[in-house]
Each structure stands twice: as C-alpha cells, then as structure tokens.
Amino acid sequence: MSIQVLSAEVINQIAAGEVVERPAHLVKELIENSIDAGATELVIETAHGGRFVRVADNGVGIYRDELPKALERHATSKIQVSNDLWNLNTFGFRGEALASIAAVSKFSLQSVQRTEKKASQIQAQFGKVSAVLPSSRSSGTEIKIEDLFENVPARLKFMKSESAESQQIKQIVKAAALAHPQIEFKLIQDGTLQYFFKSAGSLQERAQIVLEKTSLYFTAASRGNFSVEIAFSSPHEVVKTSKQIWIFAQNRFVQDRALQAAVLDAYRSLLMHGEYPLVVVKLKCDPSEIDVNIHPTKSQVKYQDSASAFRCVHGALRAALEQAPWITKPTTTESVSSTYMEGVTAAVANYSRNLSFQDHSLGMTHFKQKDFSMKPAEVVRTKTGGYWADVQILGQANLTYIICQKGDRLIYVDQHAAHERVAFESLMESWNKKKFEVQDYLFPFVIDLSADKVEALLTIQESILELGIKIERLGPISLGITSAPSLIKDSALPPLFEKMAADIIDHGGSYAIEKKVGDIFATMACHSVVRAGQSLSHAQMHELLISMDRFALSSFCPHGRPVSVDTTFMELEKLFGRIN
C-alpha cells in the first residue's frame with residue numbers, strides 16, 4: 001500500500017477525536033476559551049446529552065477579520081514561540097478546539113470585539129466554513145454547536161446515554177466554577193436551569209455553594225515553589241466515593257492520584273474505611289515548574305518536582321485538620337495533674353516493653369509508673385470549662401458508653417475509643433517533642449532492602465536521626481540501625497523502614513516517618529487502654545473526658561471511628577410523642 005497524505009477533512013476528524021472525546025470535553029474547551037477572553041459571566045446551554053451546546057460570554061470578543069483564523073488548526077493568540085509553552089498562564093492554547101469541533105458539527109460563532117461597533121459571525125457545516133457575515137450580538141462571544149458527531153457515526157455510537165453525558169457536563173461546569181470563584185456561571189440543560197453560581201469572593205464561599213455544604217473550612221500555605229488553597233470538610237462530613245476530592249493545578253481541573261493520596265493521608269486516623277472527605281485543592285506554581293500539555297484533554301499535568309507538590313498539599317491540609325476548626329476553642333487553659341492519665345502512659349509503656357507489635361490483647365489493670373522514660377501526660381482543663389470538662393456525667397451504659405448531658409442534648413461516649421485517642425495523641429506528642437529514651441545497640445540491627453530503597457533512606461539520614469533513629473549503610477542492599485527509641489520494638493523496624501522508603505520514593509520527604517510511627521502508636525494505644533465492658537468510677541469517667549479537651553482530634557479514635565454520638569431532647573420528645 002502506498003503512503004498517502006491525509007486530507008484536511010480526515011486530519012480534523014482525528015484531531016476532534018483527541019480534543020473532543022465526549023461532549024463534556026467540548027464544553028470544557030469552550031469555557032476555557034471564554035475565561036481566557038476575560039469573561040466574568042458565562043451561560044452554558046446543552047441538550048440531547050451534549051449534541052447541542054451553546055456557550056455565551058461577555059469577554060473581549062474576536063475581531064471580524066480574525067474569525068476565519070479562529071477555525072483554522074493550530075491558530076491561537078496565546079503562544080508565539082516554542083518557549084511560550086513553558087510559561088503558559090492561559091487555558092485553550094493549542095488552537096485546535098474550534099477547528100476540531102467545527103469539523104464534526106454544525107457550528108456557528110458570533111462575536112463582537114469591544115473596540116468594534118458591529119458584531120460578526122462565521123459558520124461551518126461539518127468542516128465547510130462560510131464567509132464572515134454580520135451579526136446582531138451586542139457583546140462578547142457566542143458559540144453554538146448542533147448535531148455533534150453526525151458525520152462521524154463511529155464516534156456517535158460510543159457516546160453514553162444522554163443522562164450520563166449530561167451528568168459529565170455538570171461536573172465540568174462545577175469544576176470550572178470551583179476554579180474561578182470570581183466568574184458567574186449558569187448551566188441550562190434541556191431547557192431547565194441546573195446551576196446558577198453567582199460570583200463569589202473566595203474559594204471557601206464558592207465551594208460551599210457548589211458542593212452544597214455550609215460547613216467547609218479553609219486553609220492556605222506555601223512551600224518552596226508551590227502555594228496552595230484548600231477548602232475542606234470536617235471528618236464528620238463524608239461521602240462514599242472519592243469524587244468529591246477536586247484537584248486543580250494552575251486553575252486546571254486535573255486527575256492526579258498523587259495529590260489525591262496526599263489529601264487522604266492528611267485525613268489519616270480520622271476516617272473509617274470507605275469514607276472520603278469533601279476537599280477542593282488549588283495548587284499553583286511558576287509555569288516553568290509544570291507541564292500542562294501531556295494529555296490531549298489537558299486533564300493531567302506533570303510537575304518538575306512532584307514530591308514538593310505532594311508535601312505542600314499534605315502539609316497544609318494536615319496542619320489545618322490538626323487544629324480541628326469544627327470545634328469551638330476554649331479561651332484560656334490551666335494545667336492539672338491526672339493520676340488517671342499517668343495510668344494511661346504507664347499502660348502504654350508496659351505494652352511497649354513486653355509485647356511485640358502484633359495483635360496481642362492486654363487486659364486493663366491499675367498500672368504504676370516506673371521504668372518508663374516518658375513524662376506523665378499532662379491534662380489541660382479550661383478555666384471556663386472546655387467542651388468535655390463541662391458535660392454532666394449521668395452514668396455508664398453496658399460498661400461501654402459514658403452517658404452525658406450538655407445543653408439541649410444527650411451525648412454517648414465510647415470509653416475505649418475516647419481513651420484510645422488520648423493515649424495515641426499522648427504518644428505522638430511525646431514522640432514529636434522527643435520526650436523519649438533512645439537505646440543504643442551493641443551490634444547494628446540489620447535490615448535488608450532493595451538498593452533504591454537504601455539510597456532513598458540515606459537521603460533523609462539527618463531527618464531520621466532527629467527522631468532518635470541512627471542509620472548507616474552496611475552494603476548495597478543492607479541498612480544498619482545503631483540506635484532507636486525504646487518505644488519502638490525491634491520487630492517493628494523492618495516494616496517501618498520498608499514502608500518509609502517506598503513513601504519517600506513515591507512522594508519524598510520525611511513525613512513518611514511520622515505516618516508509620518503513627519500506625520504503630522495506634523496499635524499500641526488500642527491494646528493499652530480501657531476496654532469495652534470495664535466498669536469505670538465517676539472520677540475515672542470525669543478524668544477521661546477532661547483529658548479529651550487537651551487534643552483537638554479527640555472526637556475520633558486513631559482508626560477513624562467516632563468517639564461520641566449525640567441526640568437532642570427534641571428528638572427524644574418526638575420519639576415519645578410529646579411533640580410532632
């Protein structure tokens with residue numbers, strides 16, 4: 001078979017298959033063009049699952065004599081030379097979208113440039129472009145697409161149902177609204193208004209509207225060449241899929257598994273299996289640090305330093321979550337001694353000394369604090385009460401739940417989950433403050449790893465040393481540990497360093513140390529505290545509740561289970577038929 005040069009018609013249809021894989025991608029391209037044109041108001045109208053699309057904006061418009069160029073392939077106002085590709089601050093920069101769409105639809109473009117008095121339009125019938133004609137449009141640009149893919153039956157056949165395609169378009173509009181809070185968006189589908197997002201003053205405000213959650217929180221941070229804004233839900237507000245984790249890079253909605261992993265890891269110990277938070281992440285960096293042109297639909301990006309991007313998102317969100325903004329903070333505090341909490345730390349110490357990190361069960365008894373390097377955990381009681389210190393304890397149910405009353409509600413506290421979180425946080429705090437005893441090995445403790453994992457761990461050797469663990473290379477695939485905190489048993493070291501090395505290779509940084517240590521401490525806490533089925537005195541229950549005020553995340557056990565549930569007296573009165 002001889003080599004043939006493809007016709008323009010075939011070339012455009014191939015390009016359309018890359019750029020306009022489905023109607024939602026078409027809508028995304030048109031929205032991005034409107035945003036690049038400086039639009040502050042967009043109207044998106046679709047019908048028949050996206051086979052009909054109209055996008056109108058109030059942007060700067062297109063000059064009359066440039067309308068034919070708008071429908072030529074690789075025609076764009078956004079790049080001039082190749083270096084511009086690495087300094088992009090615009091969206092629709094490749095100059096393929098309009099030409100590709102016009103090749104597979106009945107297409108019309110009306111526009112009026114702000115410096116021109118009269119509007120103009122140009123049309124195309126499946127790639128056949130008309131002359132420029134007058135138009136009655138008063139401002140901005142309007143693009144209308146009809147009979148999408150009518151001349152490409154093979155592609156039309158692969159479209160999903162109208163409802164599925166319409167749902168995907170909704171996601172695209174919601175993503176655009178989240179990325180650009182200052183822009184007003186209106187979506188009409190099959191004649192019905194679906195969304196009307198007025199311009200908002202902040203990401204938090206827009207996220208609350210788009211995600212339909214009134215209680216979202218906000219944080220922002222910078223790290224190296226990256227800055228991030230994040231709107232996030234409390235661990236109480238969860239969904240069953242990860243679809244409500246929205247990742248944006250340079251204001252582009254992207255699919256980024258690494259940054260999604262950063263979000264989920266930031267929520268570690270706060271969510272149960274199968275629970276996902278609502279989070280909007282907007283990551284920005286210098287344009288030269290990111291490649292946005294690695295995918296035809298621009299749904300994926302590549303960072304020059306992906307590890308720093310991961311750490312920026314993870315660190316900012318974790319720090320915000322640890323502040324527990326969903327809890328009202330007390331105004332002043334004072335320290336009080338707690339013999340009960342001394343028992344907690346002694347119990348954990350006994351577990352650390354005598355048990356390996358496996359599924360052992362340790363019955364709760366009264367422990368004395370001896371031969372233990374950690375200082376007694378100090379409980380903070382608020383002068384004005386604090387949330388848990390102020391509750392009225394009514395008693396214990398089923399030797400498992402502490403029943404309390406506060407204000408207009410009854411509160412049920414899982415005594416094991418509550419004590420588990422307090423013990424876990426006490427251990428983590430002592431670890432972070434380096435209030436632990438380090439033991440030196442007579443001979444190095446040898447761990448065999450792959451060569452790349454040994455190299456990865458040696459790159460953060462100094463950070464590991466700050467945590468009381470001294471490592472040295474013993475060979476290409478061998479690592480020697482010469483000292484480690486006595487809190488960590490020898491049997492826990494190989495899996496700790498195996499996982500730590502993998503996390504460093506994938507994401508970089510020493511955050512992996514704290515993550516793995518946290519897993520170990522969660523196991524220690526679970527097996528070292530008061531159990532369900534154990535009788536507690538009123539004083540013990542009171543001290544346990546007071547200790548919860550010390551830690552912002554005390555409303556969840558280290559495995560993400562809720563520590564307490566509550567019900568209002570109004571709900572009880574409804575159950576008893578006192579009120580309707």
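Is the crossing of H2 and H6 right-handed or left-handed?

Modeller: Right-handed: that is how H2 and H6 cross. Keep in mind that this is a predicted model.

Let's start with H2 by itself. Helix H2 takes in residues 23-36, which is 14 residues. At 1.5 Å a residue that run should span 20 Å, and since the end C-alpha atoms are 20 Å apart, the expectation and the model agree. H2 is mostly covered, with 12 of its 14 residues buried. After H2 comes glycine 38, with a positive phi near 80°.

Now bring in the partner. Two packed helices are described by the angle between their axes and the distance between the axes. For H2 and H6, the axes come within 8 Å and cross at roughly 25°. Angles under 35 degrees count as roughly parallel, and H2 and H6 are therefore roughly parallel to each other.

If you want to click through the contact residues, on the H2 side pick Pro23, Ala24, Val27, Lys28 and Ile31. Those meet Glu165, Gln168, Ile169, Ile172, Val173 and Ala176 in H6.

Leaving out residues up to four places away in sequence, isoleucine 31 touches Leu42, Ile44, Ile172, Val173, Ala176 and Phe185.

Helix H9 covers residues 306-322, and its 17 residues reach 24 Å from first C-alpha to last, close to the 24 Å expected at 1.5 Å a residue. With 13 of those 17 residues buried, H9 is largely enclosed by the rest of the structure. After H9 you'll find alanine 324, whose phi is positive, near 45°.

The partner of H9 here is helix H8, residues 257-266; the two pack at an angle of about 25°, with their axes 8 Å apart. That makes H8 roughly parallel to H9. H8 passes H9 in a right-handed crossing. Contacts from the H8 side include Ala258, Leu259, Ala261, Ala262 and Val263. Across from H8, the H9 residues taking part include Phe310, Val313, His314, Leu317, Arg318 and Leu321.

Two loop residues are worth a glance while you have the model open. Glutamate 212 has a positive phi of about 55° although it is not a glycine. You'll find glutamate 212 in the loop between helix H7 (203-210) and strand S10 (216-223), and it is exposed, with a relative accessible area of 68%. Asparagine 251 also isn't a glycine, yet has a positive phi of about 70°. Asparagine 251 sits in the loop between strand S13 (245-249) and strand S14 (252-253). At 17% relative accessibility, asparagine 251 counts as buried, because the cut-off for buried is under 20%.

Conventions: Residues are numbered from 1 along each chain as its sequence is written. This is a predicted model: local features need pLDDT of at least 70, side-chain atom pairs count only at pLDDT 80 or more; totals for chains, interfaces and linings use all residues. Side-chain values use heavy atoms; hydrogens and water are left out. Contact means heavy atoms within 4.5 Å. Helices (H or I, at least four residues) and strands (E, at least two) are DSSP runs, numbered from the N terminus. The expected span of a helix is 1.5 Å times one less than its number of residues. Buried means under 20% relative accessible area, exposed over 50%, partly exposed in between (1.4 Å probe, protein chains only). Axes are lines fitted to C-alpha atoms, for helices over the stretch in contact, and angles run from 0 to 180 degrees between N-to-C directions. Angles under 35 degrees count as roughly parallel, over 145 as roughly antiparallel, 65 to 115 as roughly perpendicular and the rest as oblique. A crossing is left-handed if the near helix is turned anticlockwise from the far one by less than a right angle, and right-handed if clockwise.
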